Amino acid sequence: MRHGSKVTHKNSKESDMRYFSFVDEKTSDATLSLVYHNLPNDKIKIYPTAEGKVCSVDGTDEEILEWLDAQVVEMTDIDVAAFTLGKSQSEQWMLEWQFMKKQRASELTIATVVVNSIEYDADETAMDRVDRILTLANWKFNQAVAGGMTAAEAYAAVYKTTVVWKGKDNEFHDIQIESLAKAQEAAINKMKTVWEKYE
(Lines give C-alpha, C1' and ligand atoms only; values in the text may rest on other atoms or scores of the structure.)
Protein backbone atom coordinates (compact mmCIF):
# COMPACT_ATOMS: atom_id res chain seq x y z
CA MET A 1 0.00 0.00 0.00
CA ARG A 2 1.37 3.40 -0.99
CA HIS A 3 -0.71 6.46 -0.27
CA GLY A 4 -0.74 9.46 1.99
CA SER A 5 -4.44 10.10 2.33
CA LYS A 6 -6.99 10.27 5.12
CA VAL A 7 -10.57 9.17 4.66
CA THR A 8 -13.29 11.72 5.33
CA HIS A 9 -15.77 10.19 7.77
CA LYS A 10 -19.18 9.59 6.22
CA ASN A 11 -21.49 6.70 5.59
CA SER A 12 -19.19 3.99 4.17
CA LYS A 13 -21.97 2.91 1.79
CA GLU A 14 -22.39 6.41 0.36
CA SER A 15 -20.72 7.00 -2.99
CA ASP A 16 -18.51 10.07 -3.21
CA MET A 17 -15.89 11.60 -5.46
CA ARG A 18 -12.29 11.94 -4.33
CA TYR A 19 -9.27 13.34 -6.14
CA PHE A 20 -5.61 12.33 -6.17
CA SER A 21 -2.31 13.14 -7.82
CA PHE A 22 0.47 10.67 -8.45
CA VAL A 23 3.69 10.22 -10.40
CA ASP A 24 4.60 7.13 -12.41
CA GLU A 25 7.66 5.34 -11.08
CA LYS A 26 9.94 3.39 -13.40
CA THR A 27 11.77 0.20 -12.59
CA SER A 28 14.19 -1.71 -14.82
CA ASP A 29 11.31 -3.87 -16.00
CA ALA A 30 8.21 -1.71 -16.13
CA THR A 31 6.41 1.50 -15.31
CA LEU A 32 4.54 1.25 -12.03
CA SER A 33 1.29 3.08 -12.44
CA LEU A 34 -2.22 3.32 -11.07
CA VAL A 35 -4.25 0.10 -11.07
CA TYR A 36 -8.04 -0.06 -11.29
CA HIS A 37 -8.32 -3.10 -8.99
CA ASN A 38 -11.88 -3.22 -7.57
CA LEU A 39 -13.29 -0.20 -9.42
CA PRO A 40 -14.50 -0.22 -13.04
CA ASN A 41 -12.87 2.05 -15.61
CA ASP A 42 -15.79 4.46 -15.74
CA LYS A 43 -15.33 5.24 -12.03
CA ILE A 44 -11.76 6.51 -12.47
CA LYS A 45 -10.71 9.39 -14.71
CA ILE A 46 -6.96 9.98 -15.22
CA TYR A 47 -5.32 13.02 -16.82
CA PRO A 48 -1.57 13.35 -17.48
CA THR A 49 -0.06 16.75 -16.63
CA ALA A 50 3.43 18.21 -16.86
CA GLU A 51 4.11 17.32 -13.21
CA GLY A 52 2.51 13.89 -13.14
CA LYS A 53 -1.09 12.73 -13.25
CA VAL A 54 -4.33 13.67 -11.53
CA CYS A 55 -7.33 11.41 -11.16
CA SER A 56 -10.87 11.39 -9.83
CA VAL A 57 -12.28 8.30 -8.14
CA ASP A 58 -15.99 7.69 -7.62
CA GLY A 59 -16.83 5.18 -4.93
CA THR A 60 -17.72 4.52 -1.30
CA ASP A 61 -15.17 4.90 1.48
CA GLU A 62 -14.73 1.13 1.56
CA GLU A 63 -14.20 0.88 -2.20
CA ILE A 64 -11.72 3.75 -2.26
CA LEU A 65 -9.76 2.36 0.72
CA GLU A 66 -9.50 -1.02 -0.99
CA TRP A 67 -8.48 0.70 -4.21
CA LEU A 68 -5.81 2.77 -2.42
CA ASP A 69 -4.40 -0.34 -0.74
CA ALA A 70 -3.83 -1.91 -4.16
CA GLN A 71 -1.83 1.00 -5.58
CA VAL A 72 1.89 0.57 -6.22
CA VAL A 73 2.54 4.30 -6.57
CA GLU A 74 2.01 6.93 -3.90
CA MET A 75 -1.40 8.60 -4.14
CA THR A 76 -1.77 12.11 -2.71
CA ASP A 77 -5.17 13.49 -1.80
CA ILE A 78 -5.98 16.77 -3.58
CA ASP A 79 -9.09 18.94 -3.64
CA VAL A 80 -11.42 19.42 -6.59
CA ALA A 81 -9.82 22.77 -7.49
CA ALA A 82 -6.37 21.20 -7.83
CA PHE A 83 -7.85 18.33 -9.85
CA THR A 84 -9.72 20.72 -12.16
CA LEU A 85 -6.57 22.79 -12.69
CA GLY A 86 -4.48 19.73 -13.50
CA LYS A 87 -7.16 18.34 -15.79
CA SER A 88 -7.45 21.63 -17.67
CA GLN A 89 -3.73 21.45 -18.51
CA SER A 90 -4.02 17.96 -19.94
CA GLU A 91 -4.07 17.41 -23.69
CA GLN A 92 -6.23 14.36 -23.09
CA TRP A 93 -8.89 16.54 -21.45
CA MET A 94 -8.85 18.94 -24.41
CA LEU A 95 -9.53 16.03 -26.78
CA GLU A 96 -12.31 14.74 -24.53
CA TRP A 97 -13.81 18.22 -24.26
CA GLN A 98 -13.88 18.67 -28.03
CA PHE A 99 -15.66 15.34 -28.35
CA MET A 100 -18.14 16.22 -25.58
CA LYS A 101 -18.92 19.56 -27.22
CA LYS A 102 -19.82 17.74 -30.43
CA GLN A 103 -21.96 15.31 -28.47
CA ARG A 104 -23.68 18.15 -26.63
CA ALA A 105 -24.34 20.08 -29.85
CA SER A 106 -25.77 16.95 -31.47
CA GLU A 107 -28.04 16.32 -28.50
CA LEU A 108 -29.27 19.92 -28.47
CA THR A 109 -29.93 19.85 -32.23
CA ILE A 110 -32.34 16.92 -32.00
CA ALA A 111 -33.98 17.97 -28.71
CA THR A 112 -37.78 17.91 -28.52
CA VAL A 113 -40.40 18.64 -25.85
CA VAL A 114 -44.05 17.64 -25.53
CA VAL A 115 -46.77 20.05 -24.37
CA ASN A 116 -50.47 19.11 -24.48
CA SER A 117 -49.69 16.06 -26.63
CA ILE A 118 -47.89 18.14 -29.27
CA GLU A 119 -44.18 17.43 -29.80
CA TYR A 120 -42.09 20.53 -30.54
CA ASP A 121 -38.58 20.90 -31.88
CA ALA A 122 -36.56 22.31 -28.99
CA ASP A 123 -33.35 23.32 -30.76
CA GLU A 124 -32.21 26.95 -30.66
CA THR A 125 -33.54 27.78 -34.13
CA ALA A 126 -37.04 26.57 -33.28
CA MET A 127 -37.00 28.38 -29.96
CA ASP A 128 -35.87 31.59 -31.66
CA ARG A 129 -39.07 31.38 -33.73
CA VAL A 130 -41.11 30.89 -30.57
CA ASP A 131 -39.35 33.95 -29.09
CA ARG A 132 -40.68 36.13 -31.90
CA ILE A 133 -44.27 35.04 -31.23
CA LEU A 134 -43.90 35.57 -27.48
CA THR A 135 -42.26 38.97 -27.90
CA LEU A 136 -45.21 40.12 -30.00
CA ALA A 137 -47.66 38.57 -27.53
CA ASN A 138 -45.99 40.37 -24.62
CA TRP A 139 -46.35 43.68 -26.46
CA LYS A 140 -50.03 42.98 -27.20
CA PHE A 141 -50.63 42.04 -23.57
CA ASN A 142 -49.09 45.31 -22.33
CA GLN A 143 -51.05 47.22 -24.96
CA ALA A 144 -54.30 45.60 -23.82
CA VAL A 145 -53.62 46.42 -20.16
CA ALA A 146 -52.73 49.99 -21.08
CA GLY A 147 -56.04 50.18 -22.98
CA GLY A 148 -58.03 49.38 -19.87
CA MET A 149 -58.25 45.58 -19.73
CA THR A 150 -57.52 43.78 -16.48
CA ALA A 151 -54.49 41.50 -16.47
CA ALA A 152 -56.79 38.46 -16.56
CA GLU A 153 -58.74 39.84 -19.52
CA ALA A 154 -55.58 40.76 -21.38
CA TYR A 155 -54.08 37.32 -20.74
CA ALA A 156 -57.17 35.57 -22.11
CA ALA A 157 -57.30 37.90 -25.11
CA VAL A 158 -53.65 37.37 -26.01
CA TYR A 159 -52.25 34.10 -24.65
CA LYS A 160 -55.40 32.02 -25.19
CA THR A 161 -55.53 32.91 -28.88
CA THR A 162 -54.16 30.40 -31.36
CA VAL A 163 -51.50 30.44 -34.06
CA VAL A 164 -50.71 27.83 -36.68
CA TRP A 165 -47.53 25.97 -35.75
CA LYS A 166 -45.71 23.04 -37.33
CA GLY A 167 -44.91 20.32 -34.83
CA LYS A 168 -42.14 17.77 -34.82
CA ASP A 169 -44.50 15.49 -36.77
CA ASN A 170 -44.26 17.98 -39.67
CA GLU A 171 -48.01 18.62 -39.38
CA PHE A 172 -49.61 22.02 -38.77
CA HIS A 173 -51.48 22.50 -35.49
CA ASP A 174 -53.60 25.28 -34.02
CA ILE A 175 -51.62 26.14 -30.89
CA GLN A 176 -52.49 28.55 -28.11
CA ILE A 177 -49.75 31.08 -27.52
CA GLU A 178 -49.83 29.96 -23.89
CA SER A 179 -48.77 26.47 -25.06
CA LEU A 180 -45.86 27.96 -27.02
CA ALA A 181 -44.72 29.69 -23.83
CA LYS A 182 -44.89 26.35 -21.98
CA ALA A 183 -42.93 24.69 -24.79
CA GLN A 184 -40.31 27.43 -24.52
CA GLU A 185 -40.01 26.86 -20.76
CA ALA A 186 -39.70 23.08 -21.26
CA ALA A 187 -37.05 23.61 -23.95
CA ILE A 188 -35.01 25.88 -21.68
CA ASN A 189 -35.16 23.29 -18.88
CA LYS A 190 -34.12 20.54 -21.29
CA MET A 191 -31.22 22.65 -22.56
CA LYS A 192 -30.10 23.23 -18.96
CA THR A 193 -30.18 19.48 -18.32
CA VAL A 194 -28.08 18.77 -21.41
CA TRP A 195 -25.51 21.47 -20.52
CA GLU A 196 -25.20 20.12 -16.95
CA LYS A 197 -24.72 16.60 -18.31
CA TYR A 198 -21.58 17.69 -20.19
CA GLU A 199 -20.06 19.90 -17.48
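## The largest cavity

Six nonpolar residues, no polar ones and three charged ones: that is how the lining of the largest cavity divides up in this predicted model. The residues in question are Leu 108, Ala 111, Ala 122, Asp 123, Glu 124, Ala 187, Lys 190, Met 191 and Val 194. Which helix gives the most to that lining? Helix 6, spanning residues 177-197, does, with four residues.

As for volume, the largest cavity comes in at about 40 Å³. The structure holds one cavity of 30 Å³ or more.

## Gln 184 in helix 6

Staying with helix 6, have a look at Gln 184, which has its place there. Is Gln 184 buried or exposed? Its relative accessibility is 9%, and the cut-off for buried is under 20%, so Gln 184 counts as buried.

Leaving aside residues up to four places away in sequence, Gln 184 touches Met 127, Val 130, Asp 131 and Leu 134.

Now over to helix 2, which runs over residues 80-88. Its buried residues are Phe 83, Gly 86 and Lys 87. Why do they sit on the same side of helix 2? Because they cover an arc of only 100° around the axis.

Along the sequence, Ala 82 and Tyr 19 are 63 residues apart, yet in space their C-alpha atoms are 8.5 Å apart.

## Aromatic pairs

How many aromatic pairs does the structure hold? There are five. One of them brings together Phe 20 and Trp 67, with 5.5 Å from centre to centre and 45° between the planes, and it is tilted. This pair links distant parts of the chain: Phe 20 belongs to strand 1 and Trp 67 to helix 1 (residues 61-69), 47 residues apart. Both partners are tucked away: Phe 20 is buried, with a relative accessible area of 0%, and Trp 67 counts as buried at 0% relative accessibility.

Phe 141 and Tyr 159 make another pair, with ring centres 5.9 Å apart and planes at 50°, so this pair is tilted as well. Phe 141 lies in helix 4 (residues 124-146) and Tyr 159 in helix 5 (residues 151-159), so the pair ties together parts that are 18 residues apart in sequence. Tyr 159 counts as buried, at 10% relative accessibility.

## A ring cluster

Some of the names above come back here. Which residues do ring pairs link into a cluster? They are Tyr 19, Tyr 47 and Phe 83.

Key:
Residues numbered from 1 in each chain as written. Predicted model: local features only at pLDDT ≥ 70, side-chain atom pairs only at ≥ 80, totals over all residues. Heavy atoms only, no water. Helix = DSSP H or I, 4+ residues; strand = E, 2+ residues; numbered from the N terminus. 1 Å grid on protein atoms, 1.4 Å probe; cavity = no way out; pocket = protein on both sides within 12 Å on 5 of 7 lines; lining within 4 Å. Points joined across faces, edges and corners; volume = space filled by probe spheres on them. Nonpolar A, V, L, I, M, F, W, Y, C, P; charged D, E, K, R; others polar. Buried < 20%, exposed > 50% of the residue type's maximum accessible area, 1.4 Å probe, protein only. Arc of directions from axis to C-beta. Phe/Tyr/Trp six-rings, centres within 6.5 Å; stacked < 30°, edge-to-face > 60°. Contact = heavy atoms within 4.5 Å.
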